[in-house]
Amino acid sequence: MNAMMLCYALLIGLALPLGLYMGRALDTDRSTVMDRLFGPVESVLMRLAGVDRRASMTWSAYLLAVLKLHLLLIGLAWIVFMSQGLLPLNPDGIPGMNWDTALHTAVSFATNTNQQHYSGQAQLSYLSQTLAIVTLQFLTPATGLAVLLAITRTLLKRQTTSATTSTTVSTNASMTPAGGGVGHCSVGNYSVGNCSVGHYYVDLTRIVVRVLLPLSLLVALVLVWQGVPATYQGAQSVTMLDGGAAQVIPRGPVAPMVAIKQLGTNGGGWYGPNSTVPLENPTGLANLVETIALLLIPVATLIAVGVISGRRRLMMGIGAVMIAFSLITTTLIVVSERLPNAALAGLAVEGSPNLEGKEVRFGSDLSALWGSWTTLTSNGSVNAMHDSFNPLGGLGLLMDMFVNVTFGGIGVGLIGYLLYLMLAAFIGSLMIGRAPELFGKPLETREMRWISLAILAQPLIILGLTAITVAFPALTGNSNPGFHGLSQVLYEYTSAFANNGSGFEGLGDSTPWWNLACVLALAVGRFLPMLVPLAVAGWLMEKRTAPQGRGTLSLESGAFVGLTAGVIVIVNLLGFLPALVLGPIAEQLTLP
């Protein structure tokens, strides 16, 4: 437990200054020294992309820009993966992927999931890894944070009477009152006045240039120092000391990919076994750096949003709930993995911690900590095999992904929490006898219909696809019968919908059924929970703000914080408890 508490202390100590920096660097409403430092680089990039950095978008234009860019990225990555055998930067002569595996890989990385139905070092060329994979690993987390910034400006930011927005659209744009007093105005895809939610491509550029690139460079240098490869040379053939046999060791620009996969809540890995491979995670210091990187930006994002919005108390309440959930599940998983493996009963190692599927150099505690933190976020990278965790450990991993808002992916974790906050505000308003509202804006039928759909889509997709798959054994491809076999299938779809990417390996998932079924879960799990809150924020922006009174529901009170936490627990238990009883809980009860 000492190692666990040390990691939590280091995480909070590093996230605090990073969050303060992000709050100032990403706030477009005030000028800072970062504008002079990064502004010239951003101006060149946006001019090359044809983006007018002075323009601003309506919420619907912002949403459409996100979808269009991601469709383009999926198409380009799909083509690269299928044709990599004909393209350069392929010293090991790796052929192109099958169309279904290439499609799954493209959608997986474009949704910040990085679920791998392939083995990276054996099935992707250097061009595919760097041009397609790493590019998506920068742009997808930046998109999640960009959408959160748009929601922050629209819904969370405290209003000031002097707020103005710079824009290039005509000052003669029509102003059509909507919602009783707030001007709703737009010119084409752009907005003026209080209707602005920012500009997607400006936000995207700022996040990549000011946050992700500097942090990734720093982490990559540390990893290279620790021995992680960073080369474009081909695989190295070495002669083994035992018997003189030759062994081929894959190499490549591994360190930069590992840096952004950890920092960007991307996951995946250059090598199939991921960060269990010494070339990807060679030392104790490398393991510590990669572990802290899992949660660093998601925790810092809470601080940054508090700075930008001015709602520090609200962010502190949300952070308290997230830390509490994190400590509960992490403790469960760590304690579970300290228990012996039932399969080793009667052997000489009986009574030792569960070390099956784990690197001995990390042990059970650091492996369990990584497993918990990688599923608390949408990261999914591993330094141990989750399929080998004890049943209660697997239960904790699944619960992390079901909740999916305990820090979660960059930006999208807090966005997902806002969905539950909106539902809690609806319930809480009714409990105190007031019309449902959020920050003084009425929550009406349209908003609640979409909020409910975004929340209920998770059990519908995960449980529906799980039921279909286990009903046809020819589709399943699981390596274990009974309760654990069900857990393997449930975990794969949960990982896809939660945009996590980790797996209970042993599953034969490189088939057209698994690839296409997971594509559905990946796309719905990414875009519905991320974009519905943006639409709701846009609709609420157009409504009149009711003055606060004695009966106003305070979203920053301890009672409301507890209500939101209760809603998160109840919704997920109601949705998934039966599946957990048939999977990891039943497996645990059958152990001797």
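## Helix H13

Helices here are DSSP runs of H or I, at least four residues, and strands are runs of E, at least two, numbered from the N terminus. H13 covers residues 412–431. Its 20 residues should span 28 Å at 1.5 Å a residue, and the end C-alpha atoms lie 29 Å apart, which agrees. The expected span is 1.5 Å times one less than the number of residues.

Of the 20 residues of H13, 16 are buried, so the helix is largely enclosed by the rest of the structure. Buried means under 20% relative accessible area, exposed over 50%, and partly exposed in between (1.4 Å probe, protein chains only).

## Model and confidence

This is a predicted model: local features need pLDDT of at least 70, side-chain atom pairs count only at pLDDT 80 or more, and totals for chains, interfaces and linings use all residues. Residues are numbered from 1 along each chain as its sequence is written, and side-chain values use heavy atoms, without hydrogens and water.

The chain averages a pLDDT (the predictor's confidence in each residue, from 0 to 100) of 89. At least 70 is reached by 93% of the residues. Confidence is highest in H7, at 97, and lowest in strand E1 (residues 176–178), at a mean of 33. Over residues 161–193 the pLDDT is below 50.

## Helix H7

H7 has 27 residues, 200–226. They should span 39 Å; the end C-alpha atoms are 37 Å apart, which agrees.

## Cysteines

Cys7 is buried at 4% relative accessible area. Cys518 is buried too, at 0%.

Key. Contact means heavy atoms within 4.5 Å.
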